[in-house]
Amino acid sequence: MQKILIFGNSGSGKTTMAKQLATSHGIPHFDLDTCAWNEPGVRKSLKESQKVIDKFVAEHSSWVIEGSYGSLVELVLEHCNELRFLNPGIEKCLQNCDSRPWEPEKYPTPEAQNQNLEMLKNWVRDYEIREDEYSYREHQRIFERYLGKKQEYR
């Protein structure tokens, strides 16, 4: 059973790696974005998100889950048997943001996605100075605390 949890900054390559693993191993992929929000800018309660995560984990013996939410990553930690922290650096994340393909599950059109590009890039630039659940500091704390199989990708 493969239960791989991938986390890191926006633009770090989480979705790309998760989709590659899901395809190559024939396992389901779950993006934490899908259980984090009620609508743009309005987060679900932790309890609501946990119900969705617990349901997914219960329904699948193997999976790859990815996201940047420290609180949601914490909920998945107890279920995973491999942790991957993607930390390629701010410049690489910014390059990835610029070359990000359209995500139709998140945006109705490529133009709508591109309207958020500068906001996303500013968010990425603040990774190392933020002090929230999406910050480098929080991600590093989660990575250091996890005692199972883990790897940091730089």
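**View A. The neighbours of Asn 87 in this predicted model.** Leaving aside residues up to four places away in sequence, Asn 87 touches Tyr 127, Tyr 136, Glu 152, Tyr 153 and Arg 154. With Glu 152 there is also a polar contact, made side chain to side chain at 2.8 Å. Is Asn 87 buried or exposed? Its relative accessible area is 9%, and buried means under 20%, so Asn 87 counts as buried.

**View B. The buried residues of helix 5.** Here we follow the chain into helix 5, which spans residues 90-98. Its buried residues are Ile 90, Cys 93, Leu 94 and Cys 97. Why do they lie on the same side of helix 5? They cover an arc of only 100 degrees around the axis, and that puts them on the same side. Helix 7 (117-125) is included in what covers these buried residues.

**View C. Helix 8 and what its buried residues pack against.** Within helix 8, residues 136-145, the buried positions are Glu 138, His 139, Gln 140, Ile 142 and Phe 143. Which elements do they pack against? The partners are strand 1 (3-8), helix 4 (70-77), strand 6 and strand 7 (150-153).

**View D. The largest pocket and its lining.** The space in the largest pocket comes to about 1200 Å³. Its lining is made by 33 residues, and the closest to the pocket centre are Asp 33, Arg 100, Glu 103, Lys 106 and Tyr 107. If you sort the lining by class, you will find 11 nonpolar, 13 polar and nine charged residues. Which element gives the most to this lining? That is helix 1, with four residues. At least two lining residues each come from helix 1 (14-25), helix 2 (33-36), strand 3 (37-39), strand 5 (63-67) and helix 7.

**View E. Glu 39 in strand 3.** Our last stop is Glu 39, a residue of strand 3. Glu 39 is partly exposed, and its relative accessible area is 48%. How far is Glu 39 from Ser 99, taking the C-alpha atoms? The two C-alpha atoms are separated by 25 Å, and the residues are 60 apart along the chain.

Note on methods
Residues numbered from 1 in each chain as written. Predicted model: local features only at pLDDT ≥ 70, side-chain atom pairs only at ≥ 80, totals over all residues. Heavy atoms only, no water. Buried < 20%, exposed > 50% of the residue type's maximum accessible area, 1.4 Å probe, protein only. Arc of directions from axis to C-beta. Contact = heavy atoms within 4.5 Å. 1 Å grid on protein atoms, 1.4 Å probe; cavity = no way out; pocket = protein on both sides within 12 Å on 5 of 7 lines; lining within 4 Å. Points joined across faces, edges and corners; volume = space filled by probe spheres on them. Nonpolar A, V, L, I, M, F, W, Y, C, P; charged D, E, K, R; others polar. Polar contact = N/O pair within 3.5 Å; in protein donor to acceptor, adjacent residues only side chain to side chain.
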